[in-house]
Amino acid sequence: HDERLLRLADDLGTRLLPVFDSPTGMPYRFVNLRTGKTTGNVSNPAEIGTLILEWGTLSRWTHKSIYLEKARKALTALYDRRSKIGLVGEEIDVDTGRWQSPQSHVGGGIDSYYEYLLKCSRLFDDRACTDMWRTSKTALDRYLLDRAPSGLWYGQVDMNTGARTAREFGALNAFLPAVLALDGDLEHARALEDASFSTWTRFGLEPDLVDYTTWNVSGPRYPLRPEIIESAYYLHRLTKDPKYLEMGRTFFEDLVRYCRTGAGYTVIEDVRTHRQGNLMPSYFLAETLKYLYLLFAPDDKLSLDDVVFNTEAHAFRKVR
């Protein structure tokens, strides 16, 4: 409710609008805020599809429909280019609309596209987003879901055929139990969180990427990511199961044990040796510690019936 900040947000939104001036309506990756010149025609579903909460909220407060319209057109254009079996790939050319990588998964570059389909539905009571989420979740459960001896996972497949291409899962992928739980699919949400937690306890922290059939680590870093903690928060709020508090205790104690330094907390370069790096990303405060706090906070501090968290853990009030 600060008019000065709202004017600045409106000004920034206006300066960003040229990114949507592609032949498909999907945004370019970059824009010069002074000149409006755009670059970066090869993008990914997460960058294209993770806009509608913020831009829709900006439309709500400025009473300018253009922001929501542009974000919705981009999201719909991406969804309309899903494969015949309902999946999206890793990279797409926003000029031509052609996919540049057919790899399909729920990891980095795709993850929050799925998250925002459901959260758009909840924040704005948006039927179109509800339908897009339902169709997408059906495809995820049919083709990506993978039951292995180590647990239930969502692996990688070819977006066009559904053929399995890898059995890897990582820290970024661990957002999915939260989204599944929010959607009411507690069976899959619980199983996937348990599988993710087994990865954490195996290494003391969660690697960025690991083969869940061989435990071969291809992405050994732990950059203080929040996703597995976020999922524990949602599952605890929605089930009241105290085991998620115990998970939270493990997360917190391991963060202190392995990541704490004399000047804050740092990334871990290799979870197998717990070798420390020299960086504390801002999302450690904005997301990782916030979700840890909320996990242990009383339920009346914040209700999931009243707010929707964006992908960076900022709480947006629902439209009533």
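Student: In which helix is Tyr258 found?

Tutor: The model is a predicted one: local features need pLDDT of at least 70, side-chain atom pairs count only at pLDDT 80 or more, and totals for chains, interfaces and linings use all residues. Residues are numbered from 1 along each chain as its sequence is written, and side-chain values use heavy atoms, leaving out hydrogens and water. Helices (H or I, at least four residues) and strands (E, at least two) are DSSP runs, numbered from the N terminus. Tyr258 belongs to the run of residues 243–259, which is helix H10.

Student: What separates the C-alpha atoms of Tyr258 and Gly204?

Tutor: Contact means heavy atoms within 4.5 Å. Leaving aside neighbours within four places in sequence, Tyr258 is in contact with Leu205, Ile268, His274, Gln276 and Gly204. Tyr258 and Gly204 are 54 residues apart along the chain, and their C-alpha atoms are separated by 8.3 Å.

Student: Is Thr266 buried or exposed?

Tutor: Thr266 lies in the loop between strand S15 (264–265) and strand S16 (268–270). Beyond its neighbours within four places in sequence, its contacts are Leu224, Cys259, Thr261, Gln276, Gly277, Asn278 and Leu279. A residue counts as buried under 20% relative accessible area, exposed over 50% and partly exposed in between (1.4 Å probe, protein chains only). With a relative accessible area of 3%, Thr266 is buried.

Student: Which residue has its backbone nitrogen 3.1 Å from a polar atom of the Thr266 side chain?

Tutor: Leu279 is in the contact list of Thr266. A polar atom of the Thr266 side chain lies 3.1 Å from the backbone nitrogen of that residue, Leu279.

Student: What is the relative accessible area of Val217?

Tutor: Val217 is found in strand S13. Leaving aside neighbours within four places in sequence, Val217 touches Phe203, Pro207, Leu209, Val210 and Arg272. Val217 is buried, and its relative accessible area is 10%.

Student: What is the bridge partner of Leu209 in S13?

Tutor: Strand S12 (residues 209–211) and S13 run antiparallel and are joined by 2 bridges. The partner of Leu209 in S13 is Gly219.

Student: How many residues lie between S7 and S8 in their hairpin?

Tutor: Strands S7 (residues 145–148) and S8 (residues 151–154) run antiparallel, joined by 4 bridges. Asp146 stands opposite Trp153 in S8. In the hairpin that S7 and S8 form, the number of residues between them is 2.

Student: At roughly what angle do the axes of H4 and H6 cross?

Tutor: Axes are lines fitted to C-alpha atoms, for helices over the stretch in contact, and angles run from 0 to 180 degrees between N-to-C directions. The axes of helix H4 (residues 65–80) and helix H6 (residues 127–144) come within 12 Å. Contributors to the contact include Arg72 and Leu75 of H4, and Ala128 and Met132 of H6. The axes cross at roughly 25°.

How values were computed
Two strands pair if DSSP finds at least two bridges between them. A polar contact is a pair of N or O atoms within 3.5 Å; within protein, one must be able to donate a hydrogen and the other to accept it, and residues adjacent in sequence count only if both atoms are side-chain atoms.
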